[in-house]
Amino acid sequence: MLKRALAIVAILIIGYWLAQGLSQVPFGQDKMLVSKYYLDHVKEQTGAVNAVTAVVVNYRGFDTLGEVTVLFIASTGVGALLWRKKRKRTAKTKGSVVLTTGSKLLFPFIMLFGMYIFIHGHLTPGGGFPGGATIATAFLLMYMAFTTYEISHKGFEVTEGFAGMGYVLVGLIGLAIGGYFLFDWIWQTWHLGTSNIGRLFSGGFIPVIYTIIGIKVGTELSGIIDNMLKEEVKE
Amino acid sequence: MISAYYFGAIALILIGLYAVLVKKNLLKILVGLSIMETGVNLLLISIGYVSGKSAPILSEGITPSQAVDPIPQALVLTAIVIGVATTAMALSVAIILYEKYGTLNIEEIRRLRG
Amino acid sequence: MNQVASLLIALPLISAFFVPVLKQINKSLIKPYLVLITLIQTGIAGWVFKEVYTTGKPIIIYAGGWRPPIGINLYIGHFAALFVLIIAVVSFIMAIFSLKAVTTEPIDKYAMLFLLLMLGATGMIATGDIFNLFVFMEITAITAYALTAYNKTGEAAEASMKYIVLGGIGSSFFLVGVALLYGATGTLNMAQLAELANSINPIVAQVGLALIIFGLAVEAELFPLNAWAPDAYQAAPHPITAMFSAFVVKAGIYALARLLYLLQKASGWSSILRLLVIMATLTVVFAELSALRQKDVKRMIAYSSIGQVGLIALAFSLGTQAGVDAGVFHMVNHAIVKTLLFLAIGYVGIAMGGTTMENFEGLGKKMPLTALAITVAGAATVGVPLFNVFWSKLRIILATLQAGFFWAAVLVLFASVVEAVYYFRLIHRMWFMGGGIRIKEGVIAGILVILAAIIILIGVDPAPVWNIVVKAGSDIFNVANYVKNVPLVGVGS
């Protein structure tokens, strides 16, 4: 009881202090400094219409590399912690008829939708991460519908490794061609698609990177689901 | 005094912090951590809002002076993924804890560990 | 040519992604592969160190080719060059140690996590952008969560869970601090933040800076947020504990110091400094007192490590150039000493089957080289003259007295006395109690002897290392120089 009261008092003090700080950052006011530059120059410097995507992949692409690494660590960590010599699924109830037929039917469409999201990342909201998550959802549906469905673990791990290497390779090619790590060589050196702003074949290396990220995230999240749904087989 | 969005974000952070500090079930603590991270993301996006402007997608009709700040949205994309990674890791550790100690109550675990 | 230094980040990353493919080719290649990659990283780090110290100019890497503040830049100045080299060397030694010390499956995932821990700490030290610092901090933290629980025992899982909860709260508060600073200035680049620091609203500056310090204090193991540290150090695999103590916590302290000094023009700075002095002194006192009661040697050394880290934080929070220089010197010395200690204790752990006090009895007769190395390191930590830590501890205490914190200096001296008690108790147990037959000691003992020799060398002649350290210290303290070195493009309109 005392612990609860102390916690509430402490939390209210922290909340009041945070509110004090935030009251000096007025809501709705234009405080852009670097963003102004981004918005003015995004179309001709990166070729993307979606300013957020250009910031994520091009201007601040280094952060996205770190983010992809974080997801990779999560997938590896889950695999390391839940590792057993032999594992298999222990679900007992098969899904209902609606679930089993529906998931088999919808599987290709969900994959297609996910691919649409990450291929059009430079034109519409979305990008690699929501696209990859959608693809993983397709696999999750299959897991929930059938009690013996499982993905090929080896194949997914190797795909994940190759996709990650692909991202770093794109950066290293930028180092080789343009002299800077993660330089956008497609847009700035080869000038591919400069007349196409607003259409699909533009955006420099943004679609390429987002495709790599989409594949990586999809396989990673499916790997995490697979690791968590299996239990040890004791001989 | 402060806008409703800031207030909502701070409230989420405090509710999450309360759950982490007071609750005894491990899964409730992890849900609290997740709520806290959601509150922080909401706060980040609210800071980037400019009144009267719309989404920073510069297709036909939207000029650069009519767009909201794109940087906080990029930051939140990264922060959400990091939150997911932390939650996934925490849940695997919770699975191991349950296998070893048979309970998810943190006081029981501390007692069993000695 | 300088941009090739970005290989410091790209190399561990691409090699970590290659491990799943390597596993399909041949599983027994993984551990030697780890040694190879850390060796290459040491080579690159050595080249960067030579470049920065012979030309005197920092290497600034522009990621994506964009000039700051439009893009993210990495700032490898004197401090970063020194520490990236230390990280690479310690990782190389620990990779060699992992060949024998880590046998829990799955070993391929261990190798990936090892490389990414090294990458996270390197990135934290080299970055020049505050959100990039957050991303690398999370890479380091999440890898540490996984590696703490790697042995999959009950204790390891509980230690990891404590770490996750505290780390999660810390990083959320850090992000709120970043949000406040961004809302007040509009930029995320560290050099530009330093430029705009005195125009930030005072309340926002104080709240923002306090939140960032709070968030970093979890990684930097300061009181009262270091409850996770002793358990995590004890439960993690032996090479990983050495890495935690040698560079992960240092990266956290460095980030703390860097952000603190960058924002020194912001109002309310001195009150935050005072708060940090109190936290650091409390860290030292509580850690050393807890170490006295421990029966497991690894846990005892973990508490000692936390105490020394508190000392480093105290040096940084004095706000003077002398304090910062002393702090950096102690960082270097502490990295060497704790690498030796945890390497030796891990070696005894796998040779004797455990790390409790009983396993160390008669070590002088069973493994004399190892016992000698532990003796040297123990005497060094206490601060005996002719060993390296004596010089750095002396300078820290002098700087504390100069800055006027008399009570802190007294408490630190008291903590050193407590340290002497438990270290000499261990040394007594090793040489004067129990007996046994001589065990063959391999390559690891050779590394231990080399490290012990370095400790004595720096103790006898600290001048060359001190010159390097002074340059590194002025890198942190002299913010005007830092801002001048970063070619900021004007963005406002």
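Me: What share of the contacts in chain A with a separation of 6 or more comes from residues 24 or more positions apart?
Reply: Two residues are in contact if their C-beta atoms, placed from the backbone, lie within 7 Å. Take the contacts in chain A with a separation of 6 or more: residues 24 or more positions apart account for 73%.

Me: What kind of model is this, and how are its parts labelled?
Reply: Residues are numbered from 1 along each chain as its sequence is written, and chains are lettered from A and ligands numbered from 1 in the order in which they are written. Local features need pLDDT of at least 70, side-chain atom pairs count only at pLDDT 80 or more, totals for chains, interfaces and linings use all residues, and the model is predicted.

Me: How many helices and strands are there in chain A?
Reply: Helices (H or I, at least four residues) and strands (E, at least two) are DSSP runs, numbered from the N terminus. From that end, the elements of chain A run α-α-α-α-β-α-α-α-α-α-β. The count is nine helices and two strands.

Me: What radius of gyration does chain A have?
Reply: The radius is taken over C-alpha atoms, and the globule rule is 2.2 Å times the number of residues to the power 0.38. For 235 residues, a compact globule would have a value near 18 Å, but chain A has 23 Å.

Me: What radius of gyration does chain C have?
Reply: The C-alpha trace of chain C spans about 75 × 60 × 45 Å along its principal axes. A compact globule of 493 residues would come near 23 Å; chain C agrees, with 22 Å.

Me: What percentage of the residues of chain C count as buried?
Reply: A residue is buried if 20 or more other C-beta atoms lie within 10 Å of its own, exposed if 12 or fewer, and partly exposed in between, with C-beta atoms placed from the backbone. In chain A, 48% of the 235 residues count as buried. Of the 493 residues of chain C, the value is 65%.

Me: Which helix of chain A gives the most to the side of chain A that touches chain B?
Reply: 43 residues of chain A are in contact with 38 residues of chain B. Helix 1 (2-23), helix 2 (34-46), helix 3 (51-59) and helix 4 (61-81) of chain A each supply at least two residues of that side. With 10 residues, the one that gives the most is helix 1.
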